[in-house]
Every structure is written in C-alpha cells, then in structure tokens.
Amino acid sequence: MEIWLAALYNVFSPMPLLFIFGGVMMGVMLGAIPGLNSTMGTALLIPFTYAMDSTTGLLLLTAVYCGGTFGGSISAILFNVPGSPEASVTGFDGYPMAKAGQAGRALGIAIMCSTIGGLFSVVVMNLVSPLLAEVALTFSDPEYFALAFAALTLIATLGGKQMTKSFLIGFVGLLIATVGIDPMAGVERFTFGWSGLIGGVNFIVALIGAFAIGEILLTAESGSSIGGEGDVKVSTKLPSLFELLKLRWTILRSAVLGTMIGILPGVGATTASFIGYSEAVRWSKHPEKFGTGVPEGIAGPETANNAATGGAMVPLLTLGIPGSATTAVIIGGFMVHGLQPGPMLFLNQPDLMYSIFLAMYVANVFMLFSGIIVAKLFSNFRKLRYSILGPCIFVFATVGAFGISNSMSDVWIMFAFGLLGYVMKKYSFSVAPLIIALVLGGLAEESLRRGMRMEDYDLVSFLARPISGTILAVAVLTLLYTLYSRFSKKPNILAGEITRPEGMSPDKKQ
Amino acid sequence: MLKALLKADVIISVIVFVISAYLLFEIKKVDSGDVYGELGPAYWPKFILVSLMVLSAGLAAISITGVLKGTIAGVKPFHFTVANARFLAAVAIIAVYLILLPYVGFLVLTPLQMIAFMYLLGERQKVWIFSLPFAMTLGIVLLFTKAMYVPLPRGVGIFLDISHLLY
C-alpha cells in the first residue's frame with residue numbers, strides 16, 4: 001500500500017503530470033511525422049532527462065513511447081504515409097476511409113482502439129507481468145519462426161484472385177530483407193560493394209518510398225486528382241458505444257495478441273500490428289472488404305500495436321530484456337540514472353516500478369486527448385491542394401529517410417522504393433505483401449536457421465514442440481485450404497467467400 | 001501473341017526472372033558449403049530466388065494464356081501522353097534534387113525543388129509558390145537541426161557558408 005501511495009505521489013504531482021502529458025504530445029507528434037518515431041524521439045530525449053530525477057525522466061520516456069506508438073497512424077490514415085512502422089498496416093484501411101470522406105471516423109477509431117489496447121496491456125503488465133515474462137522466456141527460435149510463418153501466410157489471403165502476384169511480391173520483400181550483412185555468418189549478401197546496403201534496407205525507408213514517393217509519382221502522372229479537397233472538414237469522431245461493441249472481438253483479440261507479442265523479446269509493436277491485422281482478416285466475416293476501408297482494419301492493428309507497448313515493458317521491467325527497439329532505448333534511460341532494470345529493481349525501488357505502471361495508465365488516457373489535438377492539426381493538411389501537399393510530403397519523406405542514419409544512401413533507397421511502389425500501384429500489385437515480407441523476413445530466416453541448428457536440422461521437430469507445432473499446423477492448414485479453394489475455384493469459407501455478395505471481387509484489397 | 005507478350009505482367013515477370021537468375025549466380029559466391037552448418041548464408045536467399053523464378057514463370061504463363069483465351073485484356077497501343085511526360089519530369093526533378101543535394105545543400109536546393117515540383121503538379125498561385133517553399137524549408141531546418149540534431153546536408157563552397165548562417 002505504501003508503495004502505491006508513493007507511486008501516486010510520484011505521478012500525480014503537477015510536474016510529473018506535465019511531463020507525462022508533454023511526453024505523450026511529443027510522442028504523438030513524432031510518430032505522426034514520417035521518418036521520425038518514438039524510438040528516435042526517446043533516444044534524443046535521454047540526454048534531456050539528465051537534469052531530471054530518475055522517476056520523472058523515466059516517466060517522460062515511457063510517455064513518449066506510448067504516444068509515439070499511436071502517432072504514426074495519424075499520417076497513415078490522412079496521407080497513406082505511415083509516420084512509424086507500427087502504423088503501416090493502419091493505412092491499408094485507414095487511408096481508403098479517409099479518401100471516402102471518413103477521415104474523422106477513421107482517426108476516432110484509431111485513437112480509441114489505441115487507448116483501449118494501451119490500457120489493456122498496462123492492466124496485464126500490472127497484474128501478471130512476472131508470470132507472462134516467464135512464459136515468454138520459454139519461446140525459442142522454432143516458436144518465433146512459427147509466428148513469422150503464420151503471419152506470412154496472410155499473403156495468400158490478401159492476394160484474392162491475384163494470389164500469384166501477391167506471392168511474387170511477397171517473395172521480393174523476403175529477398176530485399178536478406179540484403180546486407182548476414183547476422184549469423186557475417187558475410188555480405190547482395191550489397192554489390194555499396195556501403196549503403198551493408199546495414200540492409202531499412203524498413204522505414206522502404207515504407208516511406210513505396211507509400212509516399214510512389215503515391216506522389218502516381219499522382220503526378222495521373223493529374224486527375226491534383227485538385228484540392230476544398231472545404232472538406234476533418235474532425236475526429238470518436239466511435240459510439242454501439243460501434244465499439246461491434247468491434248469488441250477485434251479489439252479484444254488484438255489486445256490479447258498485442259500484449260503477448262509485445263512480451264516476446266525482439267518482437268515489438270510492428271509485428272503486433274501486422275498480426276493484429278492478419279487475425280482481423282482471418283476471423284472476419286467479410287475479409288474481401290479489407291483494404292477498402294473497414295473499421296476492423298484499423299481497430300485490429302491499432303489495438304495490437306498499442307497493446308504491445310505495455311507488453312514490451314514486461315520483460316524490460318521484470319528481466320531487463322527489451323521487448324522492442326524503443327524499450328531497448330528506454331534501458332539506456334535507466335542506465336543514465338545508474339539503474340539496471342530487472343527483478344532487483346522491484347526489490348530495491350518498487351515505487352519507481354509502480355510509478356511507471358501508473359504513468360502508463362495516465363499516458364494512455366492522455367493519449368485520447370493529445371491524439372485528438374494532433375490529429376486536428378494534421379487533418380487540416382487534407383484541405384490543401386495536392387500541388388501544395390505533394391512537395392511538402394516529399395520534403396518530409398526525404399528528411400525522414402535521411403534522418404534515420406544521416407545518410408544519402410537511405411534517400412536513394414527511398415527513391416528506388418518510390419519507383420517500385422509506383423510500378424506496383426500502376427500494375428495492380430498489392431504493396432501489403434511486400435511490406436509484410438520485408439518486416440518479417442529477417443525474423444523468419446534467423447529463427448529458422450537458429451532453430452534448425454538447435455533441432456539438429458530436423459524441421460519435423462518444429463512440429464513436435466507444442467507451441468510452434470500448433471501455430472505451424474494452423475498456418476499450414478489455412479494456407480493449403482486457401483490454395484485448394486483458389487485452384488478448385490471453390491469459395492474459401494475461411495476467407496468468408498461463402499457470404500460474398502454477387503459480383504464482389506476480392507481483388508480490391510491493397 | 002505479341003499482345004500477350006507485351007503485357008505488363010509478362011514484362012515484369014521476365015525482369016524478375018532474369019534478375020533472380022543473376023542473383024542466384026551471385027549468391028553462390030557466399031555459399032561456403034557446410035562451413036556455416038547445413039543452413040548457411042546462401043540457403044534462405046536461394047530458396048527465395050528459386051521461388052521467385054517459379055512464381056514469375058507462373059505469372060507470365062497465366063497472363064499469356066489469359067490474353068490468348070480472351071479472359072485478360074491484351075496490351076493497348078502505347079502513345080506518349082502529357083501524363084507520361086509529367087511522370088518523367090517528376091522522376092527527373094527528384095533525381096536531380098538527390099544528385100545535387102550533397103553539393104548545394106538542403107537550405108538552398110529544397111525551395112528550388114519545391115517550386116519546380118509545385119509548378120509541375122499544377123500550382124499556379126504565386127503567393128503559395130513563393131512563400132511555402134521558403135517557409136517550409138526554414139521550419140524543417142530549424143526543427144530537424146536544432147531540436148532533433150539531424151545534420152541535414154550543407155553543400156560545399158558558398159553553399160556551406162550559407163548553411164552556416166542557420167545551422
């Protein structure tokens with residue numbers, strides 16, 4: 001009880017509250033600007049926390065982390081330019097909704113689901129963190145491979161009738177993910193002597209290129225949509241209780257999945273959002289509508305990626321193991337104050353630990369308000385003509401790509417992906433499989449190779465392990481069934497095609 | 001048959017097939033037998049590249065047979081249009097900007113690039129054309145260099161001196 005009282009005092013004093021609110025605002029804004037994200041923002045803020053006491057400094061960093069994870073969805077929905085990698089899936093359905101004049105509704109769903117996902121994960125983190133961390137520790141490479149494989153099977157579902165195209169572009173994504181130094185053998189692959197490729201193709205750079213530059217080039221060519229949106233009014237509309245109830249299973253599923261994925265070391269909010277989306281598609285009664293602007297397509301990834309924030313804090317706080325890139329940076333925040341996160345910190349400074357729990361509750365509630373404020377600020381950009389907006393997006397994209405590693409190589413890679421994105425959009429290749437494969441490619445390869453070595457090069461033993469075996473079996477069966485239904489031209493019941501109205505094509509998915 | 005062969009899907013498939021075949025040859029250079037165990041650095045890329053070759057051949061076959069059977073529309077005759085010119089101009093503007101950026105620097109080059117891009121996209125209001133690029137560049141320079149410590153390209157010679165006025 002004393003610990004909780006101390007934590008309440010630490011968090012609900014004016015200055016810490018101000019820092020938490022400021023941190024959330026800053027995080028949301030950083031997340032919303034393409035190329036900037038909460039990881040970068042947290043890293044840049046660490047030196048500023050020197051001047052603060054350790055509790056306030058760490059509260060600020062966690063607030064930036066919470067806000068930044070949501071912020072990317074604002075630009076993903078409004079401009080189809082994900083501000084951060086974890087928001088890239090949100091654009092699949094958020095942007096079509098915005099284009100259909102429902103930007104405010106899409107933003108409202110994103111904000112509310114992010115808040116719910118974040119709060120859910122903090123409750124879980126608070127209540128069962130030591131237990132969950134123990135379960136996550138039993139995960140090994142076969143389980144990680146199974147998880148990546150299951151997410152990659154989504155490509156088959158996303159392809160609709162153009163499954164070959166989807167697989168082709170998915171494998172292109174997997175190939176691009178192999179560029180750079182092989183992390184296990186240390187040899188260069190497909191770098192062709194160019195130093196810019198040694199570190200591999202940065203996922204954010206590829207995203208910015210394929211989405212932002214590709215869109216700019218396509219719009220420059222088409223000319224038809226160059227006109228502005230005149231007096232289009234975009235204001236955030238939070239979903240009604242009825243609408244939330246309609247989304248309850250998607251939200252609950254994504255909240256659980258996101259929290260669990262967040263707990264897994266090394267698998268963060270980005271993977272959570274992709275799996276949240278893939279599961280929303282898998283369990284939906286109308287999966288053919290995904291990619292055209294459905295609320296579930298926003299609720300799934302947004303709940304999951306924010307749920308991963310609380311989840312990722314579990315191994316960080318209880319074991320000192322980062323659950324994501326940003327939590328790895330937050331470890332740096334602990335260290336500059338002479339603290340080592342882990343079980344000993346629970347014994348030595350329990351009030352700090354519980355202050356962080358409380359701060360994350362507060363940050364997620366603040367996110368609801370700061371999300372609306374920042375979304376309003378960014379939504380005004382939609383009133384501008386594309387002839388004004390396009391060049392601005394290009395400059396932001398360029399600076400964002402450059403800022404990732406302060407390298408012109410990344411800017412050129414962004415441009416190359418812009419051309420690729422243009423070709424793909426022009427010739428009806430879905431961008432989603434490319435991005436999914438690019439994100440999960442590294443995880444799939446490394447966990448497969450390490451797992452195979454661990455299991456004496458016996459793939460069957462992956463199936464013998466209860467968790468990886470179950471995940472793989474479900475994924476393989478789903479994939480085989482999807483392939484069977486495509487080749488036999490029978491409706492795919494798992495993809496909900498039995499209920500598809502006459503004349504509705506699944507090819508509309510992006 | 002020519003209508004089928006010139007279809008974009010077929011052309012893309014051929015390009016993917018050829019590049020995959022070349023990369024398959026390239027990756028063999030790091031294939032060091034069992035030095036790294038049974039799954040060396042070339043194992044995964046080889047699996048991907050072979051899959052890509054099979055898939056691209058499959059896509060080409062589907063497209064060609066589709067056009068020949070009439071289930072997929074054949075390629076339309078190509079005419080160079082204003083849209084094509086605008087696309088090429090956009091690519092050229094971006095490419096020239098990226099080439100010159102290390103030499104001219106962000107501060108000087110970005111407003112010029114933005115003006116050209118805005119004009120290309122159809123903006124004709126002089127107020128916007130001559131205010132936004134400068135305001136935007138200034139804002140970005142201040143945000144990224146002062147608050148985020150991103151060392152935006154400064155350029156060389158006189159451009160370097162100009163950049164030192166701001167960051």
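**Ground rules.** I am working from a predicted model, where local features need pLDDT of at least 70, side-chain atom pairs count only at pLDDT 80 or more, and totals for chains, interfaces and linings use all residues. Residues are numbered from 1 along each chain as its sequence is written, and chains are lettered from A and ligands numbered from 1 in the order in which they are written.

**Confidence.** I looked up the overall scores and found ipTM 0.92 and pTM 0.71. Helices here are DSSP runs (H or I, at least four residues), numbered from the N terminus.

**A:Leu443.** I located A:Leu443 in helix 20 (residues 431–454) of chain A. A:Leu443 counts as buried because 21 other C-beta atoms lie within 10 Å; the cut-off is 20 or more, with C-beta atoms placed from the backbone. Beyond neighbours within four places in sequence, I found A:Leu443 in contact (C-beta atoms within 7 Å) with A:Tyr144 and A:Ala148.

**Chains A and B.** I counted 44 residues from chain A and 52 residues from chain B in the contact. On the side of chain A that touches chain B, helices 9, 10, 18, 19 and 20 of chain A each give two or more residues. Helix 18 of chain A gives the most, 10 residues.

Conventions: Buried ≥ 20, exposed ≤ 12 C-beta atoms within 10 Å, placed from the backbone. Contact = placed C-beta atoms within 7 Å.
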